[in-house]
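I opened this notebook to record, entry by entry, what I looked up in the structure and how each term was defined.

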Amino acid sequence: MTLDLDSLSALVERPDDEARARLKARLPKQTGAAGALGRLEDVAVWLAGVQGGETVRAIARPRVVVFAGDHGVAAREVSVYPYGHTAEAVRDAAAGGGAVGLLAEQFGAGVRVVDMAVDADAATLPDAVAKHRVREAGGSIDRQDALTPAEAEQAFRTGMEIADAEIDGGADLLLLGDIGVGNTTVAAVLVGALTGTDAAAAIGRGSGIDDATWIRKCAAIRDALRRARPVLGDPLRLLAVSGGADFAAMSGFLLQAAIRRTPVVLDGVASAAAGLVVQRVAYRTPDWWLAGHVTPEPSHAKALDRMALEPLLDYKLRYGEGTGALLALPIVQAAARLAAELPVAEPVTEPVADEPKPADDAPAADELPSAAPDISLEK
(Lines give C-alpha, C1' and ligand atoms only; values in the text may rest on other atoms or scores of the structure.)
Protein backbone atom coordinates (compact mmCIF):
# COMPACT_ATOMS: atom_id res chain seq x y z
CA MET A 1 0.00 0.00 0.00
CA THR A 2 1.41 3.38 -1.03
CA LEU A 3 2.04 5.88 1.72
CA ASP A 4 -0.56 8.64 1.95
CA LEU A 5 1.55 11.61 3.01
CA ASP A 6 -1.45 13.93 3.18
CA SER A 7 -3.11 11.70 5.77
CA LEU A 8 0.11 11.47 7.76
CA SER A 9 0.45 15.25 7.65
CA ALA A 10 -2.97 15.65 9.25
CA LEU A 11 -1.77 13.63 12.25
CA VAL A 12 0.89 16.19 13.19
CA GLU A 13 -0.43 18.48 15.90
CA ARG A 14 0.92 21.67 17.40
CA PRO A 15 2.89 21.47 20.65
CA ASP A 16 0.98 22.42 23.81
CA ASP A 17 0.72 26.23 23.76
CA GLU A 18 -0.91 26.30 27.18
CA ALA A 19 2.01 24.43 28.72
CA ARG A 20 4.39 26.91 27.11
CA ALA A 21 2.43 29.84 28.50
CA ARG A 22 2.37 28.33 32.00
CA LEU A 23 6.14 27.92 32.05
CA LYS A 24 6.72 31.42 30.66
CA ALA A 25 4.68 32.79 33.53
CA ARG A 26 6.41 30.57 36.11
CA LEU A 27 10.06 31.02 35.12
CA PRO A 28 10.42 34.63 36.37
CA LYS A 29 9.05 33.47 39.72
CA GLN A 30 11.63 30.67 39.83
CA THR A 31 14.63 32.76 38.80
CA GLY A 32 13.60 36.12 40.23
CA ALA A 33 13.75 37.97 36.91
CA ALA A 34 12.48 37.48 33.38
CA GLY A 35 15.20 36.21 31.04
CA ALA A 36 17.63 35.35 33.83
CA LEU A 37 18.44 31.97 32.24
CA GLY A 38 18.88 33.34 28.72
CA ARG A 39 18.53 30.73 25.98
CA LEU A 40 18.02 28.02 28.57
CA GLU A 41 14.57 29.54 29.03
CA ASP A 42 13.88 29.17 25.30
CA VAL A 43 14.84 25.49 25.48
CA ALA A 44 12.75 24.96 28.60
CA VAL A 45 9.71 26.59 27.00
CA TRP A 46 10.18 24.42 23.90
CA LEU A 47 10.32 21.35 26.14
CA ALA A 48 7.17 22.45 27.94
CA GLY A 49 5.32 22.58 24.63
CA VAL A 50 6.55 19.27 23.23
CA GLN A 51 6.15 17.40 26.53
CA GLY A 52 2.77 18.88 27.44
CA GLY A 53 1.40 18.44 30.93
CA GLU A 54 1.40 20.70 33.95
CA THR A 55 5.15 20.93 34.47
CA VAL A 56 8.35 20.22 32.54
CA ARG A 57 9.81 16.76 33.16
CA ALA A 58 13.51 15.97 33.38
CA ILE A 59 15.01 14.04 30.43
CA ALA A 60 15.19 10.45 31.66
CA ARG A 61 15.95 8.34 28.57
CA PRO A 62 17.63 10.11 25.63
CA ARG A 63 18.34 7.91 22.60
CA VAL A 64 20.64 8.54 19.64
CA VAL A 65 19.59 6.96 16.35
CA VAL A 66 22.21 6.99 13.59
CA PHE A 67 21.18 6.11 10.03
CA ALA A 68 24.00 4.99 7.75
CA GLY A 69 24.29 4.76 3.99
CA ASP A 70 26.71 5.08 1.11
CA HIS A 71 26.06 7.24 -1.94
CA GLY A 72 27.09 6.58 -5.51
CA VAL A 73 28.09 10.21 -5.97
CA ALA A 74 31.07 9.54 -3.66
CA ALA A 75 32.68 7.79 -6.63
CA ARG A 76 33.12 11.29 -8.11
CA GLU A 77 35.77 11.86 -5.42
CA VAL A 78 33.80 14.51 -3.54
CA SER A 79 35.10 13.54 -0.07
CA VAL A 80 38.41 13.05 1.70
CA TYR A 81 37.15 9.75 3.08
CA PRO A 82 37.69 6.56 1.07
CA TYR A 83 34.62 4.76 -0.20
CA GLY A 84 34.85 1.98 2.41
CA HIS A 85 34.92 4.37 5.38
CA THR A 86 31.19 4.13 6.11
CA ALA A 87 31.23 0.43 6.98
CA GLU A 88 34.21 0.90 9.30
CA ALA A 89 32.52 3.83 11.08
CA VAL A 90 29.30 1.84 11.42
CA ARG A 91 31.11 -1.10 13.00
CA ASP A 92 32.86 1.23 15.46
CA ALA A 93 29.66 3.03 16.43
CA ALA A 94 27.71 -0.22 16.81
CA ALA A 95 30.42 -1.50 19.18
CA GLY A 96 30.13 1.60 21.35
CA GLY A 97 33.12 3.36 19.84
CA GLY A 98 33.63 6.36 17.63
CA ALA A 99 32.67 9.85 18.71
CA VAL A 100 29.01 8.90 19.07
CA GLY A 101 29.80 6.03 21.43
CA LEU A 102 32.15 8.06 23.61
CA LEU A 103 29.85 11.07 23.94
CA ALA A 104 26.73 8.95 24.42
CA GLU A 105 28.43 7.16 27.33
CA GLN A 106 29.54 10.52 28.73
CA PHE A 107 26.04 11.98 28.67
CA GLY A 108 24.00 8.88 29.48
CA ALA A 109 22.33 8.29 26.12
CA GLY A 110 21.59 4.99 24.40
CA VAL A 111 22.70 4.47 20.79
CA ARG A 112 21.10 2.65 17.89
CA VAL A 113 22.87 2.34 14.52
CA VAL A 114 20.82 1.47 11.44
CA ASP A 115 22.35 0.34 8.13
CA MET A 116 20.10 1.55 5.30
CA ALA A 117 22.49 1.39 2.33
CA VAL A 118 26.05 0.67 3.43
CA ASP A 119 28.23 -0.58 0.59
CA ALA A 120 29.58 -3.64 2.38
CA ASP A 121 28.73 -7.27 2.89
CA ALA A 122 25.88 -7.33 5.41
CA ALA A 123 27.50 -10.32 7.08
CA THR A 124 30.36 -8.08 8.21
CA LEU A 125 27.98 -5.94 10.26
CA PRO A 126 25.98 -6.88 13.37
CA ASP A 127 22.61 -8.42 12.53
CA ALA A 128 20.73 -5.78 14.53
CA VAL A 129 22.41 -3.07 12.44
CA ALA A 130 22.06 -4.60 8.97
CA LYS A 131 18.57 -6.09 9.17
CA HIS A 132 16.85 -2.95 7.84
CA ARG A 133 19.10 -2.49 4.81
CA VAL A 134 17.29 -1.47 1.61
CA ARG A 135 20.22 -1.81 -0.81
CA GLU A 136 24.00 -1.49 -1.04
CA ALA A 137 24.66 2.21 -1.70
CA GLY A 138 22.47 4.58 -3.65
CA GLY A 139 22.75 5.59 -7.26
CA SER A 140 24.98 8.50 -8.24
CA ILE A 141 22.43 11.32 -8.07
CA ASP A 142 24.17 13.52 -10.64
CA ARG A 143 23.38 10.91 -13.32
CA GLN A 144 20.80 8.46 -11.97
CA ASP A 145 18.17 8.09 -9.27
CA ALA A 146 19.39 7.21 -5.80
CA LEU A 147 16.54 4.71 -5.27
CA THR A 148 13.56 3.21 -6.99
CA PRO A 149 10.20 4.58 -5.80
CA ALA A 150 9.55 1.28 -3.97
CA GLU A 151 12.93 1.47 -2.20
CA ALA A 152 12.29 5.09 -1.16
CA GLU A 153 8.95 4.14 0.37
CA GLN A 154 10.47 1.09 2.09
CA ALA A 155 13.20 3.24 3.64
CA PHE A 156 10.69 5.92 4.69
CA ARG A 157 8.52 3.30 6.39
CA THR A 158 11.58 1.83 8.11
CA GLY A 159 12.37 5.24 9.62
CA MET A 160 8.80 5.48 10.91
CA GLU A 161 8.97 1.99 12.41
CA ILE A 162 12.26 2.73 14.18
CA ALA A 163 10.83 5.93 15.65
CA ASP A 164 7.88 3.90 16.96
CA ALA A 165 10.20 1.28 18.42
CA GLU A 166 12.32 3.84 20.25
CA ILE A 167 9.32 5.75 21.60
CA ASP A 168 7.54 2.56 22.66
CA GLY A 169 10.77 1.56 24.39
CA GLY A 170 10.59 4.65 26.59
CA ALA A 171 12.72 7.25 24.80
CA ASP A 172 11.68 10.76 25.87
CA LEU A 173 14.19 12.62 23.69
CA LEU A 174 15.55 11.43 20.34
CA LEU A 175 18.83 12.59 18.80
CA LEU A 176 19.22 12.05 15.05
CA GLY A 177 22.61 11.36 13.48
CA ASP A 178 24.05 9.98 10.25
CA ILE A 179 27.10 8.20 8.84
CA GLY A 180 27.93 8.11 5.16
CA VAL A 181 30.58 9.13 2.65
CA GLY A 182 29.09 11.67 0.25
CA ASN A 183 26.15 12.61 2.46
CA THR A 184 27.00 16.33 2.57
CA THR A 185 26.80 16.30 -1.24
CA VAL A 186 23.35 14.72 -1.14
CA ALA A 187 22.25 17.12 1.59
CA ALA A 188 23.40 20.11 -0.45
CA VAL A 189 21.31 18.91 -3.40
CA LEU A 190 18.16 18.47 -1.28
CA VAL A 191 18.60 21.81 0.48
CA GLY A 192 19.58 23.60 -2.70
CA ALA A 193 16.54 22.28 -4.53
CA LEU A 194 14.12 23.07 -1.69
CA THR A 195 15.48 26.59 -1.04
CA GLY A 196 16.25 27.63 -4.61
CA THR A 197 20.01 27.81 -3.97
CA ASP A 198 22.53 27.11 -6.70
CA ALA A 199 25.38 24.63 -6.35
CA ALA A 200 28.21 27.05 -5.53
CA ALA A 201 26.20 28.70 -2.75
CA ALA A 202 24.98 25.41 -1.25
CA ILE A 203 28.25 23.65 -0.57
CA GLY A 204 31.18 24.05 1.77
CA ARG A 205 34.25 21.98 2.48
CA GLY A 206 32.33 18.97 3.81
CA SER A 207 34.86 16.49 5.17
CA GLY A 208 37.66 19.02 4.66
CA ILE A 209 38.11 18.90 0.88
CA ASP A 210 40.66 20.87 -1.14
CA ASP A 211 39.93 23.22 -4.06
CA ALA A 212 40.09 20.56 -6.77
CA THR A 213 37.68 18.33 -4.85
CA TRP A 214 35.39 21.31 -4.21
CA ILE A 215 35.17 21.92 -7.96
CA ARG A 216 34.25 18.27 -8.62
CA LYS A 217 31.68 18.38 -5.83
CA CYS A 218 30.18 21.60 -7.18
CA ALA A 219 29.82 20.08 -10.64
CA ALA A 220 28.14 16.97 -9.24
CA ILE A 221 25.68 19.08 -7.23
CA ARG A 222 24.94 21.27 -10.23
CA ASP A 223 24.04 18.23 -12.32
CA ALA A 224 22.04 16.67 -9.48
CA LEU A 225 20.05 19.88 -8.95
CA ARG A 226 18.90 19.74 -12.58
CA ARG A 227 17.48 16.29 -11.89
CA ALA A 228 15.93 17.28 -8.55
CA ARG A 229 13.96 20.39 -9.52
CA PRO A 230 11.30 18.66 -11.65
CA VAL A 231 10.21 16.43 -8.71
CA LEU A 232 10.07 19.03 -5.93
CA GLY A 233 6.30 18.66 -5.59
CA ASP A 234 6.57 15.00 -4.49
CA PRO A 235 8.69 14.48 -1.33
CA LEU A 236 8.98 10.71 -1.73
CA ARG A 237 9.93 11.06 -5.38
CA LEU A 238 12.51 13.70 -4.43
CA LEU A 239 14.07 11.30 -1.91
CA ALA A 240 14.19 8.59 -4.57
CA VAL A 241 15.74 10.81 -7.24
CA SER A 242 18.09 12.94 -5.14
CA GLY A 243 18.34 11.45 -1.65
CA GLY A 244 19.12 7.92 -0.61
CA ALA A 245 17.88 5.22 1.74
CA ASP A 246 19.43 6.90 4.80
CA PHE A 247 17.82 10.25 3.95
CA ALA A 248 14.44 8.61 3.30
CA ALA A 249 14.67 6.76 6.63
CA MET A 250 15.62 9.96 8.50
CA SER A 251 12.63 11.68 6.90
CA GLY A 252 10.22 8.95 7.98
CA PHE A 253 11.78 8.96 11.46
CA LEU A 254 11.28 12.71 11.87
CA LEU A 255 7.70 12.64 10.63
CA GLN A 256 6.68 9.77 12.90
CA ALA A 257 8.36 11.34 15.94
CA ALA A 258 6.29 14.48 15.36
CA ILE A 259 3.13 12.41 14.96
CA ARG A 260 4.00 10.65 18.25
CA ARG A 261 4.61 14.04 19.95
CA THR A 262 8.23 13.16 20.76
CA PRO A 263 10.98 15.82 20.61
CA VAL A 264 14.03 15.37 18.40
CA VAL A 265 17.43 17.09 18.46
CA LEU A 266 18.86 17.39 14.94
CA ASP A 267 22.56 16.97 14.29
CA GLY A 268 24.26 18.09 11.09
CA VAL A 269 23.35 19.07 7.56
CA ALA A 270 22.05 15.60 6.62
CA SER A 271 19.42 15.54 9.37
CA ALA A 272 18.52 19.16 8.56
CA ALA A 273 18.07 18.27 4.89
CA ALA A 274 15.76 15.40 5.84
CA GLY A 275 13.88 17.81 8.08
CA LEU A 276 13.44 20.22 5.19
CA VAL A 277 11.89 17.43 3.12
CA VAL A 278 9.53 16.57 5.98
CA GLN A 279 8.53 20.20 6.37
CA ARG A 280 7.16 19.91 2.83
CA VAL A 281 5.00 17.02 4.05
CA ALA A 282 3.75 18.69 7.24
CA TYR A 283 4.63 22.31 7.91
CA ARG A 284 4.21 21.95 11.71
CA THR A 285 6.91 19.29 12.09
CA PRO A 286 9.84 21.66 12.85
CA ASP A 287 8.00 22.72 16.02
CA TRP A 288 8.95 19.30 17.42
CA TRP A 289 12.67 19.63 16.67
CA LEU A 290 15.64 21.44 18.16
CA ALA A 291 18.80 22.23 16.19
CA GLY A 292 21.70 20.94 18.26
CA HIS A 293 24.33 22.87 16.32
CA VAL A 294 25.22 24.35 12.94
CA THR A 295 28.08 23.09 10.78
CA PRO A 296 30.23 25.20 8.44
CA GLU A 297 28.21 23.87 5.46
CA PRO A 298 26.28 26.81 3.90
CA SER A 299 23.33 24.54 3.12
CA HIS A 300 22.98 23.69 6.82
CA ALA A 301 22.38 27.31 7.83
CA LYS A 302 19.98 27.73 4.91
CA ALA A 303 17.96 24.69 5.96
CA LEU A 304 17.75 25.79 9.60
CA ASP A 305 16.72 29.29 8.57
CA ARG A 306 13.95 27.92 6.35
CA MET A 307 12.65 25.84 9.28
CA ALA A 308 13.03 28.78 11.74
CA LEU A 309 15.36 26.73 13.97
CA GLU A 310 18.13 28.52 15.86
CA PRO A 311 21.08 26.22 16.62
CA LEU A 312 22.20 25.86 20.22
CA LEU A 313 25.91 25.51 19.40
CA ASP A 314 28.32 26.68 16.73
CA TYR A 315 31.57 24.77 17.23
CA LYS A 316 32.38 24.37 13.49
CA LEU A 317 31.92 20.60 13.79
CA ARG A 318 31.97 18.49 10.63
CA TYR A 319 32.28 15.07 12.25
CA GLY A 320 28.74 13.70 11.95
CA GLU A 321 27.52 10.61 13.81
CA GLY A 322 25.26 12.75 16.00
CA THR A 323 28.15 14.47 17.81
CA GLY A 324 26.65 17.96 17.62
CA ALA A 325 23.28 16.75 18.88
CA LEU A 326 25.02 14.94 21.75
CA LEU A 327 27.00 18.04 22.72
CA ALA A 328 23.70 19.91 22.94
CA LEU A 329 22.14 17.21 25.13
CA PRO A 330 23.51 18.50 28.48
CA ILE A 331 22.06 21.93 27.67
CA VAL A 332 18.63 20.42 27.07
CA GLN A 333 18.93 18.33 30.23
CA ALA A 334 19.95 21.39 32.25
CA ALA A 335 17.03 23.42 30.93
CA ALA A 336 14.60 20.63 31.76
CA ARG A 337 15.92 20.11 35.28
CA LEU A 338 15.97 23.80 36.15
CA ALA A 339 12.43 24.28 34.89
CA ALA A 340 11.26 21.15 36.70
CA GLU A 341 13.03 21.54 40.04
CA LEU A 342 13.98 25.16 40.64
CA PRO A 343 11.60 26.33 43.37
CA VAL A 344 9.49 29.43 43.12
CA ALA A 345 11.28 32.16 45.02
CA GLU A 346 9.58 33.83 47.96
CA PRO A 347 8.58 37.43 47.16
CA VAL A 348 11.00 39.99 48.51
CA THR A 349 9.45 42.67 50.78
CA GLU A 350 11.08 45.85 52.05
CA PRO A 351 11.59 45.86 55.89
CA VAL A 352 9.53 48.39 57.84
CA ALA A 353 11.80 50.96 59.53
CA ASP A 354 11.42 51.30 63.35
CA GLU A 355 10.19 54.62 64.84
CA PRO A 356 13.22 56.64 65.98
CA LYS A 357 13.51 56.84 69.77
CA PRO A 358 13.78 60.30 71.36
CA ALA A 359 17.02 61.19 73.08
CA ASP A 360 17.10 61.06 76.90
CA ASP A 361 17.32 64.86 77.25
CA ALA A 362 14.69 65.56 74.59
CA PRO A 363 11.52 67.21 75.91
CA ALA A 364 8.44 65.10 76.26
CA ALA A 365 5.71 65.55 73.74
CA ASP A 366 3.44 67.35 76.25
CA GLU A 367 6.23 69.83 77.07
CA LEU A 368 6.60 71.04 73.50
CA PRO A 369 5.05 74.42 72.70
CA SER A 370 1.68 74.13 71.04
CA ALA A 371 2.49 76.88 68.56
CA ALA A 372 5.51 78.72 67.30
CA PRO A 373 6.33 81.91 69.30
CA ASP A 374 5.30 85.27 67.92
CA ILE A 375 8.49 86.97 66.81
CA SER A 376 6.95 89.82 64.92
CA LEU A 377 8.39 93.29 65.74
CA GLU A 378 6.39 96.50 66.16
CA LYS A 379 7.80 99.70 64.81
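**Entry 1: helix α5 and what follows**

I began with helix α5, whose buried residues pack against β1, α4 (85–94), β2 and α15 (323–341). Those buried residues are A99, V100, G101 and A104, where buried means under 20% relative accessible area, exposed means over 50% and partly exposed lies in between, with a 1.4 Å probe and protein chains only. Helices are DSSP runs of H or I with at least four residues and strands are runs of E with at least two, both numbered from the N terminus.

I noted that the model is predicted, that local features need pLDDT of at least 70 and side-chain atom pairs pLDDT 80 or more, and that totals for chains, interfaces and linings use all residues. Residues are numbered from 1 along each chain as its sequence is written, and side-chain values use heavy atoms, with hydrogens and water left out.

Just after α5, I found that G108 takes a positive phi of about 75°. I then looked up A109, which lies in the loop between α5 (98–107) and β2 (110–117) and counts as buried because its relative accessibility is 12%. Leaving aside neighbours within four places in sequence, A109 is in contact with P62, V64, A104, L326 and L329, contact meaning heavy atoms within 4.5 Å. I also checked A109 against L175, 66 residues apart along the chain, and the C-alpha atoms of the two are separated by 9.2 Å.

**Entry 2: the chain as a whole**

I recorded that the secondary structure of the chain comes to 15 helices and five strands. Of its 379 residues, 52% count as buried. Among the contacts with a separation of 6 or more, residues 24 or more positions apart account for 75%.

**Entry 3: α7 with α12**

Two packed helices are described by the angle between their axes and the distance between the axes. Helix α7 (residues 149–168) and helix α12 (residues 245–259) pack at an angle of about 45°, with their axes 7 Å apart; axes are lines fitted to C-alpha atoms, for helices over the stretch in contact, and angles run from 0 to 180 degrees between N-to-C directions. The two helices are therefore oblique to each other, given that angles under 35 degrees count as roughly parallel, over 145 as roughly antiparallel, 65 to 115 as roughly perpendicular and the rest as oblique.

I noted that α7 passes α12 in a right-handed crossing, a crossing being right-handed if the near helix is turned clockwise from the far one by less than a right angle, and left-handed if anticlockwise. The residues of this contact divide into 13 nonpolar, four polar and one charged, with Ala, Val, Leu, Ile, Met, Phe, Trp, Tyr, Cys and Pro counted as nonpolar, Asp, Glu, Lys and Arg as charged, and the others, Gly among them, as polar.

Leaving aside neighbours within four places in sequence, S251 is in contact with F156, L239, A274, V277 and V278.

**Entry 4: the aromatic search**

How many aromatic pairs does a search of the whole structure find? The search returned one, for rings of Phe, Tyr and Trp (its six-membered ring) with centres within 6.5 Å, where planes under 30 degrees apart count as stacked, over 60 as edge-to-face and the rest as tilted. F67 and F253 form that edge-to-face pair, at 5.6 Å centre to centre and with 70° between the planes. F67 lies in strand β1 (residues 62–69) and F253 in helix α12, so the pair ties together parts that are 186 residues apart in sequence. I found both F67 and F253 buried.

**Entry 5: α8 with α14**

Helix α8 (residues 183–195) and helix α14 (residues 298–306) pack at an angle of about 45°, with their axes 9 Å apart, which makes α8 oblique to α14. The crossing of α8 and α14 is left-handed. A188, V191, L194 and T195 in α8 meet S299, K302, A303 and R306 in α14, and the residues of this contact divide into four nonpolar, two polar and two charged.

Most residues other than glycine have a negative phi. I looked up R261, whose phi is near 55°; R261 sits in the loop between α12 and β4 (264–266) and counts as partly exposed at 31% relative accessibility. K316, also not a glycine, has a positive phi of about 60°. K316 is found in the loop between α14 and α15 and is exposed, with a relative accessible area of 54%.
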